[in-house]
Amino acid sequence: MRTLEDRYRYLLRVLPLWYWEKWAEDMVATYLATELAGQEDPEFVEEHGRPSFGEVMSVAALSLRLRLGGGSAPARSVAWGAAVRTVVLIGLLVNASGMVTNWTAAPWLGAFFAVLFGQVWIGRGLALIGFGYSVYEAVVSTGQFFAGEPAFLFGGWSQVLINAGLALGLAAFHREAPPTPQRPWLLALIAGVVLELLPAFGWIRLEAGVWDAITIYSLVWFCATIGHLAVPAARLLSTTLALVVVGWTLVVLRALSLADVLAFFGPNSSYLLVGAAELAIALATLLPLLVLGSREREVTADALDA
């Protein structure tokens, strides 16, 4: 039978190995001393007690922070933290850009500015509001789909998954994270707004599965990836990892959009062929990024700030 000490040890297994090996024994001793202090029957508590919900959540939050570059994390964790911050800002930016055509994107615009200017707690609250609304939209589209009305079932729920990832990814903006450079992201927001306005003013025509928002952002990602691969001297692991995460996200979005196209137009639609070709190109482009991302490289704070 497991004792309270065993349960604490099992809980701490969620921590990165390098941290667990250094601090697990001290943490277990501290938890036990705190839990057993003042107990009328410490033997019963030691035999039947369990870590509290607060302790579980605290350890989980610590594990996430350490894996994203917090504390004295190794270089690869620091790189992952920088990559996640970049991906989250890209996601917030894309959602925020939609504000020019859809007022419901207002929470994401607020979250983008809050995170950019260091008010991460406000950004988390606004991101949760945006996430909640995306769940509502997905539920409505699901009801319409099963009622036989035109609706993008898979696209709606894919947006829910992305927004959930953005809300969770804000954990990468911890107190050890370097300040976010504001000017490049403000310029990127302007570019995102321009991309949103192109179809709104009829300058480009969007078609499901052929030329849609996923295609536009896939082209931006493709160009960024080619530039990243072409300049080895300026290449950082954090940038490689960020491009990998964005690339996989676009692959999943395209695959789910093809499921919607299949439901709408049937298996003989030419849209499926075009979308499948785009999917194949994205996967082929991801391959060299995956090879690069598998190689651990030294990433210093000065390099990430540059």
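## Getting to know this predicted model

User: How many Å separate the C-alpha atoms of T3 and E46?

Analyst: Along the chain, T3 and E46 are 43 residues apart.

User: Is T3 buried, partly exposed or exposed?

Analyst: Buried needs a relative accessible area under 20%, and exposed needs over 50%. T3 has 27%, so T3 is partly exposed.

User: Now the aromatic rings. How many aromatic pairs does a search of the whole structure find, and how are the rings of Y8 and Y31 arranged?

Analyst: The search of the whole structure finds seven aromatic pairs. The ring centres of Y8 and Y31 are 4.9 Å apart, with 5 degrees between the planes. Planes under 30 degrees apart count as stacked, so the pair of Y8 and Y31 is stacked.

User: Which helices hold Y8 and Y31?

Analyst: The two residues are 23 residues apart, and their pair links distant parts of the chain. Y8 is buried at 0% relative accessible area, and Y31 also counts as buried at 15%. Y8 sits in helix α1 (residues 4-12) and Y31 in helix α2 (residues 17-36).

User: What kind of aromatic pair do F145 and F146 form?

Analyst: F145 counts as partly exposed at 29% relative accessibility, while F146 counts as exposed at 65%. Their ring centres are 5.3 Å apart and the planes stand at 90 degrees. Since planes over 60 degrees apart count as edge-to-face, the pair of F145 and F146 is edge-to-face.

User: Which residue lies over the face of W20?

Analyst: Two arginines can be looked at here. R124 lies over the face of W121, 4.7 Å from the ring centre. For W20, at 3.9 Å from the ring centre, the residue is R13.

User: Lastly, are helices α8 and α11 roughly parallel or roughly antiparallel?

Analyst: Helix α8 (residues 153-169) and helix α11 (residues 237-265) pack with their axes 7 Å apart, at an angle of about 155 degrees. Angles over 145 degrees count as roughly antiparallel, so α8 is roughly antiparallel to α11.

User: And how do the residues of that contact divide?

Analyst: On the α8 side are L153, F154, G155, S158 and I162, which meet T249, L253, L256, A259 and D260 in α11. By type, the contact of α8 with α11 divides into six nonpolar, three polar and one charged.

Definitions and conventions: Residues are numbered from 1 along each chain as its sequence is written. This is a predicted model: local features need pLDDT of at least 70, side-chain atom pairs count only at pLDDT 80 or more; totals for chains, interfaces and linings use all residues. Side-chain values use heavy atoms; hydrogens and water are left out. Axes are lines fitted to C-alpha atoms, for helices over the stretch in contact, and angles run from 0 to 180 degrees between N-to-C directions. Helices (H or I, at least four residues) and strands (E, at least two) are DSSP runs, numbered from the N terminus. Angles under 35 degrees count as roughly parallel, over 145 as roughly antiparallel, 65 to 115 as roughly perpendicular and the rest as oblique. Contact means heavy atoms within 4.5 Å. Ala, Val, Leu, Ile, Met, Phe, Trp, Tyr, Cys and Pro count as nonpolar, Asp, Glu, Lys and Arg as charged, and the others, Gly among them, as polar. Rings of Phe, Tyr and Trp (its six-membered ring) pair if their centres lie within 6.5 Å; planes under 30 degrees apart count as stacked, over 60 as edge-to-face and the rest as tilted. Buried means under 20% relative accessible area, exposed over 50%, partly exposed in between (1.4 Å probe, protein chains only). A charge sits over a ring if NZ of Lys or CZ of Arg is within 6 Å of the ring centre and within 35 degrees of the ring normal.
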